[in-house]
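Subject: Handover of a structure and findings

Dear colleague,

Please find below the structure that I am handing over to you.

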Amino acid sequence: MWDNIMAAQILSERLEELGFVAVNKMDTTIKVRLMYAAPDNFTEVILYDDIRDAYLHPDAAKALLKAQEELHKLFPSYNLLVKDAARPMSVQCRMFSAVQGTPKANYVANPAKGGGLHNYGLAVDITIVDENGNELAMGTPVDHLGPEANIDKEDRMVHDGVISETERQNRLLLRRVMTAAGFKPLRTEWWHFNLVSKRQAQAAYKLLDF
């Protein structure tokens, strides 16, 4: 238990030393439930020991605060819920190792190829919760592996009964507030948003290479 607490403290301290910020401490209405801090995620292993805050690069954190403001303008009782944020490359390697050699590997950025935007603190996996803290229905859970999580054929999925119109509208709400704040959606994952492109990240930001 002590080792887990120390590991979490070290990770938090290292991120803070590098200038990253816990966005949920900047705005306490932003909720956090890190999905990789528990074993019930698609890798089936715990990737974060006891860390519970959502760290981001300050640019991404500032944008997320704006997204929360946009959401509150539309639905004052709703809040954003962060499921994953900045991810050091060491965690990325553990994640990739857990799924390497399986079809799940297609959904994880290969650390040998520079990882992804999470590894710069410029991406966030996110959804919306209601006034009781319940996640809005989005048609699939966060981190669902399959075409049902895609955002480019939602009209067809509603028509075919794969997702409901309410679930489609909830996805549209999430994309509305996130894109208004400057984030860009990912075609294959309704919950994933990047602040910049990978090329922009490589040119102007530092990789969390620890």
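The notes below describe the helices, the core, the open and closed spaces, and a few individual residues.

This is a predicted model, in which local features need pLDDT of at least 70 and side-chain atom pairs count only at pLDDT 80 or more, while totals for chains, interfaces and linings use all residues. Residues are numbered from 1 along each chain as its sequence is written, and side-chain values use heavy atoms, with hydrogens and water left out.

**Two helices**

Helices (H or I, at least four residues) and strands (E, at least two) are DSSP runs, numbered from the N terminus. Helix H3 covers residues 58–74, which is 17 residues. From its first C-alpha to its last, H3 reaches 25 Å, close to the 24 Å expected at 1.5 Å a residue; the expected span is 1.5 Å times one less than the number of residues.

Buried means under 20% relative accessible area, exposed over 50%, and partly exposed in between, with a 1.4 Å probe and protein chains only. In H3 the buried residues are Ala60, Ala61, Ala63, Leu64, Leu65, Ala67, Gln68 and Leu71. As background, an α-helix has 3.6 residues a turn, so residues three or four places apart point the same way. The cover over the buried residues of H3 includes strand E1 (21–22), helix H2 (23–26), strand E3 (55–56), strand E4 (79–84), strand E5 (123–129) and helix H6 (165–180); this rests on contact, meaning heavy atoms within 4.5 Å.

Helix H6 has 16 residues and reaches 22 Å, close to the 22 Å expected. Its buried residues are Glu167, Arg168, Asn170, Arg171, Leu173, Leu174, Arg175, Val177 and Met178. Among the elements that cover them are H3, E4, E5 and helix H5 (154–159). Just after H6, glycine 182 takes a positive phi of about 105°.

**The nonpolar core**

A nonpolar core is a set of buried Ala, Val, Leu, Ile, Met, Phe, Trp, Tyr and Cys residues joined through side-chain atoms within 4.5 Å. The largest one has 62 residues, of which Leu64, Leu80 and Met178 touch the most other members. Elements giving two or more residues to this core are helix H1 (2–17), E3, H3, E4, helix H4 (89–99), E5, H6 and strand E7 (189–194). H3 gives the most, with seven residues. In soluble globular proteins, nonpolar side chains tend to be buried together.

Leaving aside neighbours within four places in sequence, methionine 178 is in contact with Leu64, Ala67, Leu80, Val124, Ile126, Phe183 and Phe193.

**Cavity and pockets**

On a 1 Å grid over the protein atoms alone, a cavity is a set of points where a 1.4 Å probe fits but cannot get out, and a pocket is an open set with protein on both sides within 12 Å along at least five of seven lines; lining residues have an atom within 4 Å of a point. Grid points are joined across faces, edges and corners, and a volume is the space filled by probe spheres set on the points.

The whole structure holds one cavity of 30 Å³ or more. The largest cavity contains about 70 Å³ of space, and residues including Leu11, Tyr48, Asp53 and Asp84 line it. Its lining has nine nonpolar, no polar and two charged residues; here Ala, Val, Leu, Ile, Met, Phe, Trp, Tyr, Cys and Pro count as nonpolar, Asp, Glu, Lys and Arg as charged, and the others, Gly among them, as polar.

The largest pocket has a volume of about 380 Å³. Of its 22 lining residues, Tyr107, Ala109, His118, Glu189 and His192 lie nearest its centre. E7 supplies the largest share of this lining, four residues. By class, the lining divides into ten nonpolar, eight polar and four charged residues.

**Individual residues**

Glutamate 44, in the loop between strand E2 (31–32) and E3, has a phi near 65°, a positive value in a residue other than glycine. Glutamate 44 is exposed, with a relative accessible area of 59%. Aspartate 143 lies in the loop between E5 and H5 and has a positive phi near 75°. At 11% relative accessibility, aspartate 143 counts as buried.

A colleague
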